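Work through the exercises below with the structure open beside you. Try each task before you read its solution.

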Amino acid sequence: MLGIIGAMDSEVQELKNEMPDAKITSVAGMDFYEGHIHDKDVVVVKCGIGKVNAAICTQILADRYKVDSVINTGVAGSLNSDIDICDIVISKDAIEHDMDVTALGYERGVIPDMDNSVFHSDSRLIDVAVKSIEEANLSVKVFTGRVVSGDQFIAGKEKKDDLVNTFAGDCAEMEGASIAHAAYVNNIPCLIIRAISDKADGSAEMDYPTFEKKAAANSIKILKQLIKNL
Ligand code: ADE
């Protein structure tokens, strides 16, 4: 069973539409749609915004649905000047950028008492995603890079520069690393696929509503192709 998580309706609604016979189960305020896409067993869910919602959701996918892979789809702000609006970032790895225990001597992003704070994506999922994006013919660029996640919408140069300088992030969003974290502690392969909706700077207010839907639509096209290829 493949688990697919999006934070917002725009990020998963179209996938749910592909599953008219889905069995819907509500847990922790989230509706889990269990069914088939391209004959593959999938469970699709909107987790809501932010790291806590995303982690709760991933744990439910692990416990109740015994998923063998988790994919997080959605939009993100670009932190890399080479990565434009509507381009796609596939996670090489992911970090929780708002984890900060520097007061006790840890580097930013390091989670004390854990053996790992940089959550690596599954290499097979990366390869299949790259192939699927090529096949989806979207005329957008694809990057494999670092996703940084925190409970903040990044919309200013100073914070953006900080995330680049501290973490070498390629895009910023609010769920991916916590999904990767929850998947890691449950030994489940994970991948984040994000379409860029804004530049995570002052222009985000203008970019975001315009591109959010287009970017989300592209991620969904990719996901359908990816499910076919898995
Ligand atoms: N999702 C889309 N754009 C984002 C941004 N700039 N910061 C955080 N999450 C986002």
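This is a predicted model: local features need pLDDT of at least 70, side-chain atom pairs count only at pLDDT 80 or more; totals for chains, interfaces and linings use all residues.

Residues are numbered from 1 along each chain as its sequence is written.

**Exercise 1. The ligand shell**

Find how many residues surround the ligand, and which strands supply them.

Step 1. Count the shell. A residue is near a molecule if its C-beta atom, placed from the backbone, lies within 6 Å of it. The shell holds 13 residues. The closest are Gly-77, Phe-153, Ile-154, Glu-173 and Ala-200.

Step 2. Look for the strands. Strands are DSSP runs of E with at least two residues, helices are runs of H or I with at least four, and both are numbered from the N terminus. β5 (69–78), β9 (171–173) and β10 (190–198) each give at least two residues to the shell. The largest share, three residues, comes from β5.

Step 3. Sort by type. Ala, Val, Leu, Ile, Met, Phe, Trp, Tyr, Cys and Pro count as nonpolar, Asp, Glu, Lys and Arg as charged, and the others, Gly among them, as polar. The shell has nine nonpolar, two polar and two charged residues.

**Exercise 2. Two helices**

Describe how α2 and α5 cross.

Step 1. Take the axes, which are lines fitted to C-alpha atoms over the stretch in contact, with angles from 0 to 180 degrees between N-to-C directions. The axes of α2 (residues 51–65) and α5 (residues 176–185) come within 8 Å and cross at roughly 30°. So α2 is roughly parallel to α5, a label for angles under 35 degrees.

Step 2. List the contact (C-beta atoms, placed from the backbone, within 7 Å). From α2 come Lys-51, Ala-54, Ala-55, Thr-58 and Gln-59. From α5 come Ser-178, Ile-179, His-181, Ala-182 and Ala-183. Five of these residues are nonpolar, four polar and one charged.

Step 3. Check burial. A residue is buried with 20 or more other C-beta atoms within 10 Å of its own, exposed with 12 or fewer, and partly exposed in between; C-beta atoms are placed from the backbone. Nine of the ten residues of α5 are buried, including Gly-176 and Tyr-184.

**Exercise 3. A loop residue**

Is Leu-138 buried, partly exposed or exposed?

Step 1. Locate Leu-138. It sits in the loop between α3 (123–136) and β8 (142–149).

Step 2. Count. Leu-138 has 19 other C-beta atoms within 10 Å, so it is partly exposed.

Step 3. Find its partners. Leaving aside neighbours within four places in sequence, Leu-138 is in contact with Ile-133, Asn-218 and Lys-221. Leu-138 and Lys-221 are 83 residues apart along the chain, yet their C-alpha atoms are separated by 8.6 Å.

Definitions and conventions: Angles under 35 degrees count as roughly parallel, over 145 as roughly antiparallel, 65 to 115 as roughly perpendicular and the rest as oblique. Two residues are in contact if their C-beta atoms, placed from the backbone, lie within 7 Å.
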